[in-house]
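Q: I am new to this structure and would like a close look at a single part, the place where two chains meet.

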Amino acid sequence: MSQPTDPPGTPPDSAIERELTHDEFDPIGTAVLITLYFLILVGMWLFTYFVEFLGNGPTVVGVIG
Amino acid sequence: MDIHTYEKAWLGAALVLIVFFIATVTYGTVGAGVEMIDDSGGTVDPNNLADHERFGDPGVEQVGENEYEVNVIASAFFFRPGSDQRGFDPIRVPANSTVTFYVTSSDVIHGFSIPGTNVNTMVIPGEVAELTVEFDEPETYGLLCNEYCGFDHHNMEGTVEVVPEDQYDGGDGQ
């Protein structure tokens with residue numbers, strides 16, 4: 001049972017297994033996943049722009065006027 | 001404010017991504033020369049196209065050594081020239097040429113699209129769509145209206161023939 005003085009939402013001391021400081025929090029799996037998504041995004045942009053768009057000639061061309 | 005290292009990296013990567021997107025589009029414009037179609041073609045009176053110097057006698061015109069101008073009128077439901085299916089001349093230009101299309105409409109909004117390529121514009125009555133295209137290889141392309149223009153819109157089609165240079169007969173009067 002938590003002490004009546006604990007703010008709401010705070011786990012009781014007995015429930016804390018390990019306490020981390022801000023910089024010790026290291027969600028490496030999430031970081032790897034996001035990096036993977038990021039690389040997929042960059043790859044898809046490169047494919048869409050350079051292969052599907054610029055490679056889909058003839059293209060409307062001109063000089064910047 | 002205390003920002004986690006991963007979050008700093010993510011913010012940095014997001015900014016780099018934006019710069020990267022802008023850089024590739026800038027390359028497309030400056031390096032590859034891709035242009036957007038604007039209103040530089042000017043305006044015409046759609047009810048008097050027959051009197052217009054460009055659209056009075058639409059067709060292919062040679063204006064330079066490898067430069068051609070193609071004046072096209074889009075009407076319900078044909079391209080003139082272009083719609084050989086309707087008895088008009090196909091648009092015929094030689095390979096290795098720079099072709100500027102001037103397209104206008106005599107009635108309603110049409111589309112002017114060569115499927116499978118990036119050649120595509122809206123054709124608005126009273127406006128001239130001006131688009132320059134480089135045709136390098138001989139090939140026969142289709143031509144389609146891609147703006148719904150009436151009951152026979154789905155049959156509004158044409159042909160753009162890019163023929164080998166030595167087989168090109170000079171344009172008009174084909």
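How many residues of chain A are in contact with residues of chain B?

A: This is a predicted model, in which local features need pLDDT of at least 70 and side-chain atom pairs count only at pLDDT 80 or more, while totals for chains, interfaces and linings use all residues. Residues are numbered from 1 along each chain as its sequence is written, chains are lettered from A and ligands numbered from 1 in the order in which they are written, and side-chain values use heavy atoms, with hydrogens and water left out.

On chain A, 25 residues are in contact (heavy atoms within 4.5 Å) with 30 residues of chain B. Together the two chains bury about 2,500 Å², with 67% of it on carbon and sulfur atoms; buried area is the accessible area (1.4 Å probe) that two parts lose on being put together, summed over both. Of the area that chain A buries against chain B, 28% comes from A:Pro58, A:Val60 and A:Val61, more than from any other three residues.

The elements that give two or more residues to this side of chain A are helix H1 (28-53) and strand E1 (60-61), helices being DSSP runs of H or I with at least four residues and strands runs of E with at least two, numbered from the N terminus. H1(A) gives the most, with 11 residues.

E1(A) also pairs with strand E8 (residues 129-135) of chain B, in the antiparallel sense and over 2 bridges, where pairing requires that DSSP finds at least two bridges between the strands. Within this arrangement, A:Val61 stands opposite B:Thr132 in E8(B).
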